Amino acid sequence: MSSPAGAAGAGAPNVAELAARGRAEKLRIFLLSLPGVLIIGVIIFVPVAWLFGLSFLEMGGGLSLVHYERLMHPSYYLTFQTTFELSFLVTAICVLLGYPYAYVMVQATGIWRSLLLVAVLFPFWTSLLVRTYAWLVLLQRRGLINNWLVGSGIVDEPIRLVHNFTGTAIGMVHIMMPFMVLPLYASMRSMDRNLLLAASNLGASPAKAFWQVFVPLTLPGLFAGVILVFVLCLGFYVTPAVLGGGRVMMWSMQIERSIAVYADWGAASALGVILLVVTLAILAAMTRIFGMQQLTGNR
């Protein structure tokens, strides 16, 4: 006579059956998501493939590398250098300003946290073009900032704050700051506060608990914000065009000029392909250096 335990074991699914059920579940999920994946793939890869093909076509229609050879000109190199210098600078400033701001948001309570959150979200309720021209009014030679500096006696004459690298960086930092603060805030809010209490109970000072516990646990949000801000800066057009005044030439402005002025889609496509390749290379390097687990928050 078999024991109850033996009967229960005979009726339970074995390892092979569980594995088969898992494979069947994965297959059903894959088939359900396949139409959406195909649509997204077509939307993303077909335009990229089209631009990639155009970059090898001359104006007459023949295959050529003339568009890529033209990129060796020093003017394109300076534009490329300006684009990445500005992107790195804006990203670094956003990290330095956004991390403390997100930390204060998490520590605040009640109405103060709501006010700080509204201050971050408020720019999204205003047109990008309006915000850019607002900075133009503030930073110009007879703008509010220069009038205040001269009136206060801090400077003797107005400072050049617009139509240069400085004004462009200021405007872009303001535009990009929410994209840094929001991922950081989400990462900080989801962190288990008991870990900080445990560190304190083990003898860690507040500063040591912050740097050795709090900061490492918020790295996924930080890296997400860095990637968002940096990639958006590389392709930014409106703010550099307005606040730069034509003196700060970004890669995106070169693409626009190739199409609007010269009607050369091949040259514009080559510029876009180079920017895409370099951006993907930088993201791949960041993933390799910091690790995909930190970038995605997986443990």
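Trainee: How many disulfides does a search of the whole structure find?

Mentor: This is a predicted model, in which local features need pLDDT of at least 70 and side-chain atom pairs count only at pLDDT 80 or more, while totals for chains, interfaces and linings use all residues. Residues are numbered from 1 along each chain as its sequence is written, and side-chain values use heavy atoms, with hydrogens and water left out. A disulfide is defined as a pair of cysteine sulfur atoms within 2.5 Å. On that criterion, the number found in the whole structure is zero.

Trainee: How far from C94 is the nearest cysteine sulfur?

Mentor: C94 is in no disulfide, and the nearest cysteine sulfur belongs to C233. C233 is likewise in no disulfide, its nearest cysteine sulfur being that of C94. The distance is 6.6 Å.

Trainee: Is C94 buried or exposed?

Mentor: The classes rest on relative accessible area (1.4 Å probe, protein chains only): buried is under 20%, exposed is over 50%, and partly exposed lies in between. C233 has a relative accessible area of 0% and is therefore buried. C94 also has a value of 0%, so C94 is buried.

Trainee: How many salt bridges does a search of the whole structure find?

Mentor: The criterion is a side-chain nitrogen of Lys or Arg within 4 Å of a carboxyl oxygen of Asp or Glu. The side chains of E25 and R28 meet in such a contact, at 2.5 Å from N to O. For the whole structure, the search gives one.

Trainee: In which helix do E25 and R28 lie?

Mentor: E25 is partly exposed at 38% relative accessible area, and R28 is partly exposed at 47%. The two residues are three apart in the chain, about one turn of the helix. Helices here are DSSP runs (H or I, at least four residues) and strands are runs of E (at least two), numbered from the N terminus. The helix that holds both residues is α2.

Trainee: What accessible area do I39, I40, I43, I44 and F45 have together?

Mentor: These residues form a nonpolar patch on the surface, and I40 has its place in helix α2, residues 15–54. Patch members have over 30% relative accessible area and no salt bridge; like charges are joined within 9 Å and nonpolar side chains (Val, Leu, Ile, Met, Phe, Trp, Tyr) within 5 Å. Areas come from the Shrake-Rupley method with a 1.4 Å probe, and for residues only the protein chains shown count as cover.

Trainee: Which element gives the most residues to the lining of the largest pocket?

Mentor: A pocket is an open set of points, on a 1 Å grid over the protein atoms alone, where a 1.4 Å probe fits, with protein on both sides within 12 Å along at least five of seven lines; lining residues have an atom within 4 Å of a point. Residues lining the largest pocket include V48, F52, I255, G272 and L276. The elements giving two or more residues to the lining are α2 and α14 (265–290). With five residues, the largest contribution comes from α14.

Trainee: Where is H163 found?

Mentor: The phi angle of H163 is near 60 degrees, a positive value in a residue other than glycine. H163 is partly exposed, with a relative accessible area of 29%. The location of H163 is the loop between α7 (144–151) and α8 (165–189).
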